[in-house]
Amino acid sequence: MKTTAHLNRQSLLLLAVNGLIVLAGALSGTFLNVYLWKSKQDYAMIGWFTVAQQVAVGLTFWLGGKWVKEYNKMNALRAGIVLSGLFYLFVLWAGPHAVRWIWPLGLLLGIAMGLFWLSFNVVYFEVTDRANRDLFNGWVGLLGSVTGIVGPWFSGLLITWLKGDRGYRVVFTISLAIYGLCVVLSFFLKKRKNGSGYHWMEPIAQLRSKGNPWRLMAPGLIAQGVREGVFAFLIGLLVFVATKQESKLGQFTLITSAISLLTYWLAGKWFKPRFRSAGMLVGALLLWIVIVPLLWKTGYGTLLVFGIGTSVFMPLYILPMISSGFDLMGTSDETVEKRVELVVLRELSLMAGRLLGTFIFIAVLMVSKTPLTITVLMLVLGASPIASWIFVRKLLKAEKSAVTNK
């Protein structure tokens, strides 16, 4: 495995596939929840749609791990892309009646996401190493920001211009075409070597082992998922509810993604492993502080302040979490051999956190649905990145010592 800090052809190709997948998601995914919301104004319904996705993602990671490790992981990646396209075909077919199929649609999208991201994460680990992993992650964030600028802005304008259901159908069709292009591009990725037998209970074995670093990383990932599970769908909905305009949501995403473009580029260039612990703590605290203005008013202006703050501080928090988790998979020949099972453990931990956050969200809304309740709930769930740092700080400190002693 190369130890250079540069990205080779395969890693660049993997970045291209990732960029297109994220673009398709930015075009349609940003407005998917809004599309469902316009048919039925129910936060809990969107929450259950998210629960269906996360359950399917977690089970797909665990069950699909055998396919990815022992057979052709590239076929699993392509299957995830194809099923993503199939999901949008069903949405196009169902139209406004898609709200009647929340669970089947959520499960289908979750299976598609699970297959793709399981394969992607394993291949990502194989084409990068400790030396260039932060660089790769920086580029992933950079591409995500670029597509986040172009995709939602374009979709928002298109939906507003075409008006009503027609605009959504055009946007979903464009995403369908992009998924088709991704399938073609994936054939240029080299077939990866198969591993040995898949160990179904390895995630549990890792957590039962005393002194195992995953006993710290797993709860850190759960805490990360608590915020992600709710904020991923709630913020876009709040912007639309506050403005009643898809174009405003596109504008919001354009501004926040443009700022992310700069911050991820800077992080990829300057954020070194020895800064991970301090940077993650600062990022986690500031991600929580930028929620406070929403206590005053949940309007477009305060949501934009929150979005800009999140774009600025997210790289400080998320890059150490991603890189440190994958670094644990390369600490020895044994962990490299178990990389598929460890990727599964990572995703199951995130899934547990996302489900926990979403269940809390749904339970609270069953009691009260006032804007203040939602904001206070965001403040509570938004503190979870601080818990992530508390759990993984010892791992980050050990990494800093290892880098310093070299």
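1. A salt bridge here is a side-chain nitrogen of Lys or Arg within 4 Å of a carboxyl oxygen of Asp or Glu. Helices (H or I, at least four residues) and strands (E, at least two) are DSSP runs, numbered from the N terminus.

2. A word on the background before going on. This is a predicted model, in which local features need pLDDT of at least 70 and side-chain atom pairs count only at pLDDT 80 or more, while totals for chains, interfaces and linings use all residues. Residues are numbered from 1 along each chain as its sequence is written, and side-chain values use heavy atoms, with hydrogens and water left out.

3. Are Lys 338 and Glu 202 buried or exposed? Both Lys 338 and Glu 202 are buried. Buried means under 20% relative accessible area, exposed means over 50%, and partly exposed is in between (1.4 Å probe, protein chains only).

4. Next, have a look at Arg 276 in helix α10. The side chain of Arg 276 forms a salt bridge with that of Asp 327 at 2.9 Å, N to O. Asp 327 sits in helix α11 (residues 300–327) and Arg 276 in helix α10 (residues 276–289), so the two tie together parts that are 51 residues apart in sequence. Asp 327 is buried at 3% relative accessibility, and Arg 276 is buried at 2%. The side chain of Arg 276 also makes a polar contact with the side chain of Ser 324, at 3.5 Å. A polar contact is a pair of N or O atoms within 3.5 Å; within protein, one must be able to donate a hydrogen and the other to accept it, and residues adjacent in sequence count only if both atoms are side-chain atoms.

5. Another salt bridge joins Arg 169 and Asp 165, at 3.9 Å, N to O. Arg 169 and Asp 165 are four residues apart in helix α6 (residues 164–186), which separates them by about one helical turn. Arg 169 is partly exposed, at 34% relative accessible area, and Asp 165 is partly exposed too, at 29%.

6. How many salt bridges are there by this rule? The count comes to seven. Elsewhere, Glu 228, Glu 347 and Arg 354 are linked in a salt-bridge network.

7. Helix α4 is worth a visit as well. Its 26 residues reach 37 Å from first C-alpha to last, close to the 38 Å expected at 1.5 Å a residue; the expected span is 1.5 Å times one less than the number of residues. Of those 26 residues, 20 are buried, so α4 is largely enclosed by the rest of the structure. Ala 112 lies in this helix (residues 102–127) and is buried at 0% relative accessibility. Leaving aside neighbours within four places in sequence, Ala 112 is in contact (heavy atoms within 4.5 Å) with Gly 80, Leu 83 and Ser 84.

8. Finally, the largest nonpolar core has 117 residues, and those with the most contacts inside it include Tyr 43, Phe 87 and Met 378. The largest share of this core, 14 residues, comes from helix α1 (residues 9–39). A nonpolar core is a set of buried Ala, Val, Leu, Ile, Met, Phe, Trp, Tyr and Cys residues joined through side-chain atoms within 4.5 Å.
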